[in-house]
Amino acid sequence: MTHTAPAPSAAARENALDLGAFVTASPSSFHAVRESARRLEQAGFTRLEETEHWERDDVAGNRFVERDGAILAWSAPEGADARSPFRIVGSHTDSPALKLKPNPQLGAEGFAQVGVEIYGGPLLNSWLDRELRMAGRLTLRDGRSVLVDTPGLLRVPQLAVHLDRAVNKEGLALDPQRHMQPIIGLGEVDVLTVLAEHADVEPVEIVGMDVVTVDAQSPALFGVREELLASARLDNLSSVHAEVQALIALASGEREEPAAGGPAPIALMIANDHEEVGSATRSGAGGPFLEDALVRIHAALGGDDVSRREVMASSLVLSADAGHAAHPNYPERHDPVTRPRLGAGPMLKINAQQRYATDAVGIAAFTAACERAEVPLQHFVSNNAMPCGSTIGPITATRLGMTTIDVGITLLSMHSAREMCAAVDPLLLQRSCSAFLAG
């Protein structure tokens with residue numbers, strides 16, 4: 001008998017559409033930080049600056065701090081002190097992309113083009129034949145930074161089949177230097193002038209930029225019952241959105257006693273940048289951003305180095321990053337027994353080589369959170385013949401020594417310019433994150 005998936009509930013549909021709005025507002029890591037901060041401030045969170053001294057009153061309640069393309073926020077319960085452990089959910093704000101080079105002027109055969117290099121590991125063919133936005137950060141001569149976001153001005157045209165008759169039999173081979181430079185117009189176009197116009201600055205003011213391309217098509221529900229969501233940057237804005245909304249929900253509601261007993265935890269979320277290129281930056285998980293904040297929060301609450309290490313030993317981290325669903329057209333690429341599905345809830349990501357940080361202790365902690373939230377749970381392991389990716393999880397566990405669990409929603413078309421998930425899964429992840437943060 002064929003199983004028919006139900007249409008998403010009103011709550012799941014609303015959450016999926018809100019995720020789509022979050023993605024649209026977050027075409028780059030810097031925009032994702034701005035949109036997260038906007039939502040946090042709207043919910044009553046207060047911005048702190050890293051350059052200022054933090055006292056007890058500064059870290060009490062609901063706070064957030066930014067570092068470039070990364071953001072960290074927390075909700076400290078009333079009475080939080082140096083005994084309070086941390087419950088942390090982490091994710092990343094960046095996605096694979098074509099990134100503009102410092103001197104992006106190109107042109108050939110009467111076309112104006114934009115010089116790009118490859119950021120992360122994108123499915124290059126998915127960037128072909130679609131309109132692309134440019135988005136990111138511009139730095140100015142006076143030391144300021146401004147964000148820029150254009151409409152769909154770019155396109156990377158594929159070679160016609162008439163000029164490559166073997167492409168459908170032998171496959172498409174793309175040279176990232178020769179074949180991936182987008183067209184921006186006919187004749188001459190000054191790329192910096194275009195960026196300056198959309199950032200409302202003068203071109204001569206621009207001295208540096210971190211600008212990427214992103215699919216210009218809006219996120220959309222699809223499928224017979226609109227049970228699926230197609231969108232750019234679901235890896236990993238699905239997790240960023242879930243943790244931001246989970247923290248807001250926790251901070252705005254009544255705090256229950258933690259299930260494990262003891263002091264109520266400080267609920268904290270972090271969205272790092274640069275995961276797709278290894279995390280080894282000041283705003284990446286390999287950098288000190290999270291540790292810096294934990295040290296300063298704990299010290300402001302009256303702790304010292306010894307008490308901080310005691311607290312960290314009793315704290316937990318949830319590394320939330322999207323993962324692979326079993327693909328209907330490539331079933332042999334997955335484990336023969338463990339077959340994650342779209343719409344079946346978040347999955348625990350497990351790997352014997354520790355490419356994911358999940359262990360038995362972490363499995364028990366996340367399973368308990370899902371049970372409290374009444375959220376279904378599934379598992380992911382790689383086919384032994386397939387190399388396994390990684391996340392911020394092992395990096396965070398190594399830096400901090402905290403028990404860390406890798407989880408995420410299931411996707412198809414991961415690292416495509418336009419990925420897909422089940423419309424219900426983002427809400428299920430958010431609910432499990434809320435239960436986890438509550439302790």
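This is a predicted model: local features need pLDDT of at least 70, side-chain atom pairs count only at pLDDT 80 or more; totals for chains, interfaces and linings use all residues.
Among contacts between residues at least 6 apart in sequence, 77% join residues at least 24 apart. The chain holds 11 helices and 20 strands. Its radius of gyration is 22 Å, close to the 22 Å that the globule rule gives for 439 residues, so the chain is as compact as a globular protein of that length. The C-alpha trace spans about 70 × 65 × 40 Å along its principal axes.

Burial and surface were also computed. Of the 439 residues, 53% count as buried. The accessible surface of the chain comes to about 19,600 Å². Carbon and sulfur atoms account for 50% of that surface.

One sheet is described here in detail. Strands of a sheet pair through backbone hydrogen bonds, either parallel or antiparallel. In this open sheet, 3 strands follow the order S11-S12-S20, and the pairing is antiparallel. Strand S11 (220–222) and strand S20 (419–422) form the edges. Each edge strand pairs on one side only. From one strand to the next, the twist averages 30°.

The pairing of S11 with strand S12 (residues 228–231) is antiparallel and rests on 3 bridges. Within this pair, Ala220 stands opposite Ala230 in S12. A helix also packs on the sheet: H6, residues 234–252. Helix H6 touches S12 and S20. The direction of H6 makes about 40° with that of S20.

Terms used. Residues are numbered from 1 along each chain as its sequence is written. Side-chain values use heavy atoms; hydrogens and water are left out. Two strands pair if DSSP finds at least two bridges between them. Helices (H or I, at least four residues) and strands (E, at least two) are DSSP runs, numbered from the N terminus. Axes are lines fitted to C-alpha atoms, for helices over the stretch in contact, and angles run from 0 to 180 degrees between N-to-C directions. Contact means heavy atoms within 4.5 Å. The radius of gyration is taken over C-alpha atoms; the globule rule is 2.2 Å times the number of residues to the power 0.38. Buried means under 20% relative accessible area, exposed over 50%, partly exposed in between (1.4 Å probe, protein chains only). Accessible areas come from the Shrake-Rupley method with a 1.4 Å probe; for residues, only the protein chains shown count as cover.
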